[in-house]
Amino acid sequence: VWYHKPAINEELLQSLPNLKIVASAGVGIDHLDLKLLSSYGVKVSNTPFIVSTDTADMGMALLLASSRRLVEGHEMAVSPDTEYFPADWLGVEVSGATLGILGMGAIGYKVAERAKAFEMKILYHSRNQRKKEEESVVGAVYCKKIDDLLQQSDFVLLAVTLTPQTHKLIGKRELELMKPTATLINISRGLVVDQDALVEALQNKIIKAAALDVTYPEPLPRDHPLLKMKNVIITPHIGSATKKTRWVMMEEMVESIEAGLAGLPIPREVL
């Protein structure tokens with residue numbers, strides 16, 4: 001399965017009575033009905049570990065690009081209508097700013113490691129609190145309540161898995177808790193954010209900006225309001241899109257498939 005295709009539904013499973021394993025690229029498995037697959041005796045694997053470094057890099061890239069308005073700056077620099085660069089065209093500081101990370105798994109923790117190098121203050125909220133030693137390494141402070149994180153952060157970065165509990169985790173209420181100077185960064189799944197509420201928050205200056213590697217759907221309809229906003233950066237779900245990582249993902253998928261067909265323990269099996 002690549003980019004959630006083909007759809008693994010009951011019709012497909014009924015048409016493939018000898019199916020033994022579904023190998024899915026990436027870490028997210030929200031597109032797979034694990035109970036349905038199990039009822040057909042089909043096993044599932046993914047590639048969760050190889051993607052974390054590149055996806056964390058993408059998170060920091062979006063944070064930096066948004067804070068320093070790189071896309072707008074590029075458009076200004078190459079525009080045939082530009083005659084001078086305005087002196088009051090300003091971004092916001094990253095060094096010393098507060099980054100709130102929602103989801104401190106492998107990706108979230110790697111984002112924290114990178115943010116520490118930028119001298120950022122790091123808050124996080126996650127299902128499970130990290131060990132004190134791990135928090136100390138990156139200087140991260142655990143927020144038991146998501147509201148505390150939202151109220152204090154200059155940048156809020158989403159790195160959670162999409163589950164029923166995180167579906168539209170960030171909605172109208174959460175956006176209104178954020179600072180009017182804050183930026184929302186999403187490298188998880190589009191459905192973690194209520195996009196209608198996000199559009200409204202950006203239009204009404206409830207928050208300052210958004211940088212999104214994921215949306216719902218993907219791609220967005222060409223007339224979607226998010227595509228027309230200068231304070232929004234959208235990339236085409238490319239968190240893990242480097243040559244090396246994609247190659248290793250393919251190798252891991254093949255390894256899992258071969259093990260599944262041979263009746264051997266499946267590396268990176270999703271249980």
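1. In this predicted model, the protein chain is divided into domain 1, which is made of residues 10-49 together with 241-262, and domain 2, which covers residues 51-234. The contact between them takes 10 residues from domain 1 and 5 residues from domain 2. The C-alpha centres of domain 1 and domain 2 lie 30 Å apart.

2. How much area do domain 1 and domain 2 bury between them? The figure is about 650 Å², with 52% of it on carbon and sulfur atoms. In domain 1, the residues that lose the most area to domain 2 are D30, F49 and T245, and together these account for 54% of what that side buries. Across the interface of domain 1 and domain 2 the rule finds 1 salt bridge, and it also finds 5 residue pairs in polar contact, both residues being at pLDDT 80 or more. D30 also takes part in a salt bridge, in which its side chain meets that of R189 at 3.1 Å, N to O.

3. S24 lies in the loop between strand 1 (21-23) and helix 2 (34-39), and it counts as buried because its relative accessible area is 1%, against a cut-off of under 20%. The side chain of S24 makes a polar contact with the side chain of H31 at 3.0 Å. Leaving aside its neighbours within four places in sequence, S24 is in contact with V1, H31, L32, S45, N46, T47 and M253.

4. Is S256 buried or exposed? S256 has its place in helix 10 (residues 243-262) and counts as buried because its relative accessibility is 0%. A polar atom of the S256 side chain lies 2.9 Å from the backbone oxygen of P267. Apart from neighbours within four places in sequence, the residues in contact with S256 are I21, S45, I266, P267 and R268; S45 is also among the contacts of S24.

5. Helix 9 (residues 195-203) has Q195, A197, L198, V199, A201 and L202 as its buried residues. These buried residues pack against helix 8 (172-177), strand 7 (183-186), strand 8 (209-212) and strand 9 (232-234). Just after the helix, K205 takes a positive phi of about 60 degrees.

6. Which residues does A65 contact, once its neighbours within four places in sequence are left aside? They are L70 and I233. A65 lies in helix 3 (residues 52-67) and is buried, with a relative accessible area of 12%. The C-alpha atoms of A65 and I233 are separated by 8.2 Å, although the two residues are 168 residues apart along the chain.

7. Y3, in the segment before helix 1, has a positive phi of about 50 degrees although it is not a glycine, and at 42% relative accessibility Y3 counts as partly exposed. K168, found in the loop between strand 6 (155-158) and helix 8, is likewise not a glycine and has a positive phi of about 55 degrees; K168 counts as partly exposed at 42% relative accessibility.

8. Cis peptide bonds are a further point. One joins K5 and P6, with omega about 0 degrees, and P6 is found in the segment before helix 1 (10-15). Another joins E218 and P219, with omega about -5 degrees, and P219 has its place in the loop between strand 8 and strand 9.

Note on methods: Residues numbered from 1 in each chain as written. Predicted model: local features only at pLDDT ≥ 70, side-chain atom pairs only at ≥ 80, totals over all residues. Heavy atoms only, no water. Helix = DSSP H or I, 4+ residues; strand = E, 2+ residues; numbered from the N terminus. Buried < 20%, exposed > 50% of the residue type's maximum accessible area, 1.4 Å probe, protein only. Polar contact = N/O pair within 3.5 Å; in protein donor to acceptor, adjacent residues only side chain to side chain. Contact = heavy atoms within 4.5 Å. Domains from an automatic or database assignment. Buried area = accessible area lost by both parts, 1.4 Å probe. Salt bridge = Lys/Arg side-chain N within 4 Å of Asp/Glu carboxyl O.
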